[in-house]
Amino acid sequence: MRCRVLARDSFAAGQGGQAGGKRQRDDTIQHVAWVLVAIGEILRNHNYISEEQLSQALQLQKLTGCRLGDILVGEGWIGYYALYQALAEHHGVAFVNLLNDPPQDNLLADSLPPDVYLRYHFVPWRRTSDGIFTIALSEYSDATLAWCKKQFGNQTQFVMTSPFD
């Protein structure tokens, strides 16, 4: 099974913990497990996966360090569409399918170089008449949210999308 290894350094780099911004490894894994269980429970509550599949996936996550969603997709138990809908619910934002509801015309052409979108995993999706942007994210992170708000304004809104849209 292929999966991306969870970036544990993001938890150690100044997001609480001990002096100097470093956390104990056990504390990091417990925090990560709580987040992953929450996403797993969302998937379970929507009947995308069974309790047994969730339990097996969490065991694989402990053994491999892979993200729960990558494990569930890798095992063929869910697709990316279901995963990203659950991630949107987890983060409290709407999910948008960019194939069915593409970005407004000219938002990409008028904005930033393409490598920025790839680096931060987003595309500008909507812009209101008063200039407020809604950004479609495929990777939800504090760094991306902060960067987008700095670039597009503090009133920037966010939705979640699949990276395959």
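Helix H5 covers residues 80-91 of this predicted model. Its 12 residues should span 16 Å at 1.5 Å a residue. Six residues of H5 are named here by their burial: Ala82, Leu83, Tyr84, Ala86, Leu87 and Ala88 are buried. Just after the helix comes Gly92, with a positive phi of about 75 degrees.

The largest nonpolar core holds 21 residues. Within this core, Leu43, Leu72 and Ile78 have the most contacts. At least two core residues come from each of helix H2 (25-45), helix H3 (51-64), helix H4 (68-74) and H5. The greatest contribution is that of H5, which supplies six residues. Ile78 illustrates the packing. Beyond its neighbours within four places in sequence, Ile78 contacts Leu43, Tyr48, Ile49, Leu72, Val73 and Leu83. Two of these partners, Leu43 and Leu72, are listed with Ile78 for the most contacts inside the core. Leu83 is one of the buried residues of H5. In soluble globular proteins, nonpolar side chains tend to be buried together.

Phe122 was examined next. This residue lies in strand E2, which runs over residues 122-127. The relative accessibility of Phe122 is 2%, so the residue counts as buried; the cut-off for burial is under 20%. Leaving out residues up to four places away in sequence, Phe122 touches Leu112, Val116, Tyr117, Ile135, Ala136, Leu137, Trp147, Cys148 and Phe152. Phe122 and Pro163 are 41 residues apart in sequence. In space, their C-alpha atoms are 8.8 Å apart.

Totals for the protein complete the description. The protein has seven helices and four strands. From the N terminus, the elements follow the order α-α-α-α-α-β-α-β-β-α-β. Of the 165 residues, 38% are buried. Contacts between residues at least 6 apart in sequence were also sorted by separation, and 46% of them join residues at least 24 apart. The accessible surface of the protein is about 9700 Å². Carbon and sulfur atoms account for 50% of that surface.

Terms used. Residues numbered from 1 in each chain as written. Predicted model: local features only at pLDDT ≥ 70, side-chain atom pairs only at ≥ 80, totals over all residues. Heavy atoms only, no water. Expected span 1.5 Å × (residues − 1). Buried < 20%, exposed > 50% of the residue type's maximum accessible area, 1.4 Å probe, protein only. Core = buried A, V, L, I, M, F, W, Y, C linked by side-chain atoms within 4.5 Å. Contact = heavy atoms within 4.5 Å. Areas by Shrake-Rupley, 256 points an atom, 1.4 Å probe, with all protein chains shown as cover.
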